[in-house]
Amino acid sequence: MEQRYFQPEIECAPYEKIREIQSEKLIKQVKHVWDNVPYYRKKMEAKGVTPDDIKSVDDLYKLPFLSKADLREAYPYGLLGKPLKDCVRIQSTSGTTGKRVVAFYTQHDIDLWEDCCARAIVAAGGTNEDVCQVSYGYGLFTGGPGLNGGSHKVGCLTIPTSSGNTDRQIMFIKDLSATILCCTPSYAAYLGERMTEMGYGPDDIPLKAGIFGAEAWSQEMRESIEKTMGIKAYDIYGLTELSGPGVAFECCAQNGMHINEDHFIAEIIDPDTEEVLPEGSQGELVFTAVDKEAFPMIRYRTRDICRLTREKCSCGRTHVKMAKPMGRSDDMLIIRGVNVFPSQIETVLLNNGYAANYQIVVDRVNNTDTLDVQVEMTPEMFTDNVGEVEERQKKLVEGLKSMLGIKAKVSLLAPKSITRSEGKAVRVIDRRKI
Amino acid sequence: MSVQQISVFLENKPGTLKKMTGVLAAHSIDMRATSLAETKDFGIARLIVDDALSAVNTLKENNFIASLTPVLAIEIPDEAGGLDKLLVVFDEAAVNIEYMYAFSGGKDANHAYMIFRVADTKAAEAKLTSKGVKILSQEDIANI
């Protein structure tokens, strides 16, 4: 397959060139923040750093971190880098974790964000001949607006269905021959499930690629979606704090996401000591948005746990790749003192032949944490033989034990008993009152 | 001729069995026989109906997991020792029974009907038929 890029001169630039761009932008950005964001300037002063100390990317470590707590404290205007008259848009997080983030954009910020999304679409094989259906939510959520803008930049015919109304989604995919689908992976799985129910096999579905992000999903879930719809499923990564989807995206190699390094400098730190870790280490991902004017995040702690690699990629892009985050440190459950990521549980379920329709219920009974993995029964996993169904259930318990290191209960639920999500799936119910 | 039994997965919580019977009632599906196998965590309802294929599809359309399992249906006299006599033949034929349930009634009050699940339905059928046991067909069930 011929490799195509949206901005080849940047996406395939030699490493030295990227560092040069980053250094130049970082110096400028730190000055901008020092002059325009008193909240961050105070943080710099507290650490004894001034813009003069930042001469290249190598000095990045000297700067103070920003975290979700800072965003809360500075809400709504405390981190604004431009006067409101220069801002053209806000986007906001869902606030599912109780911490709503409001991010501001100038037209320049929107442009660079849409460029990033366009790079992702082209990396997934998109051209101006494609029909791109954006089934992410539109509105405050960044998913819809980001991919919509990227799709326009690539020149795709864009179908802005937003999320929901599943049968209408499928009607548009079929009737307008959509070739690229953008949505959350859990919604993609649900769309696939519904298509199968309607009698559509992979050959009846015109889609060739999917760009799925905004929540954690496993390799097994990718394979299942790819098989059901007959597509290639690509991961995309982003945070509202940094613009939205497109901070990083997967290429045809499908083994990690290229970070748009000309806009976002990535570091991996030890979440406890805050020390920068060498390449290849697992730790918390930290981003510095060097190009954003209105909401200039510097050393923003994402809480996502992952690794970075500079290994040469077969797609020809030179930007550093991040592995699929194994979880967010704030998604991470601590059960009986053990760290558990929902993605690990998903991997075990899919490996054992179940579908990704599950819920994780954590409770505390007699001062002991309980973990109940509730998964829907599937026709494939059901037999009339009680012993065999119990045997499969036991295998699942053993698989979870070996993956997580703790014992989990497995409950088999009736099909369709877990509410299907049109956006981010609710995977964890934590009933512990601590 | 074996009979198709419907096996339905039931989540272990109040109301699931009622949900299933509700679907059957709404579609006027008459159960000839039923039994419920339960474990700590889930149950399997087993049903014998006149038109198994259409009933299993109805259940699937209503989001139940249901499958068809071949079972042997055999008529015995409804009297003391009736089942024992039949099991003598099973014994002689060395047919192992995985599970069994019974129903009676229908037009003929003098008979009871046994449903047997065995590992190899075809082989068991051949052995039992050769020993003079009459295995009921799906039509026989519908005519009871």
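**Exercise 1. Count the residue pairs in polar contact between domain 1 and domain 2 of chain B, and describe the interface.**

Step 1. Nine residue pairs, both members at pLDDT 80 or more, are in polar contact between domain 1 of chain B and domain 2 of chain B. A polar contact is a pair of N or O atoms within 3.5 Å; within protein, one must be able to donate a hydrogen and the other to accept it, and residues adjacent in sequence count only if both atoms are side-chain atoms.

Step 2. β1 (3–11), β2 (31–38) and β3 (42–49) of chain B each supply at least two residues of the side of domain 1 that touches domain 2. Strands (E, at least two residues) and helices (H or I, at least four) are DSSP runs, numbered from the N terminus.

Step 3. The count of salt bridges between these two domains is zero. A salt bridge needs a side-chain nitrogen of Lys or Arg within 4 Å of a carboxyl oxygen of Asp or Glu.

Step 4. The two domains of chain B bury about 1200 Å² between them, with 57% of it on carbon and sulfur atoms. Buried area is the accessible area (1.4 Å probe) that two parts lose on being put together, summed over both. Within domain 1 of chain B, Val3(B), Arg32(B) and Thr69(B) lose the most area to domain 2, together 45% of what that side buries.

The model is predicted: local features need pLDDT of at least 70, side-chain atom pairs count only at pLDDT 80 or more, and totals for chains, interfaces and linings use all residues. Residues are numbered from 1 along each chain as its sequence is written, chains are lettered from A and ligands numbered from 1 in the order in which they are written, and side-chain values use heavy atoms, with hydrogens and water left out.

**Exercise 2. Find the salt bridges between domain 1 and domain 2 of chain A.**

Step 1. The domain assignment, automatic or from a database, gives domain 1 (1–328) and domain 2 (333–430) in chain A.

Step 2. Two salt bridges cross this interface. Glu193(A) forms a salt bridge with Arg420(A), the closest N and O atoms being 3.0 Å apart.

Step 3. On the side of domain 1 of chain A that touches domain 2, α8(A) gives the most, with five residues.

Step 4. The area buried between the two domains of chain A is about 1500 Å², of which carbon and sulfur atoms give 55%.
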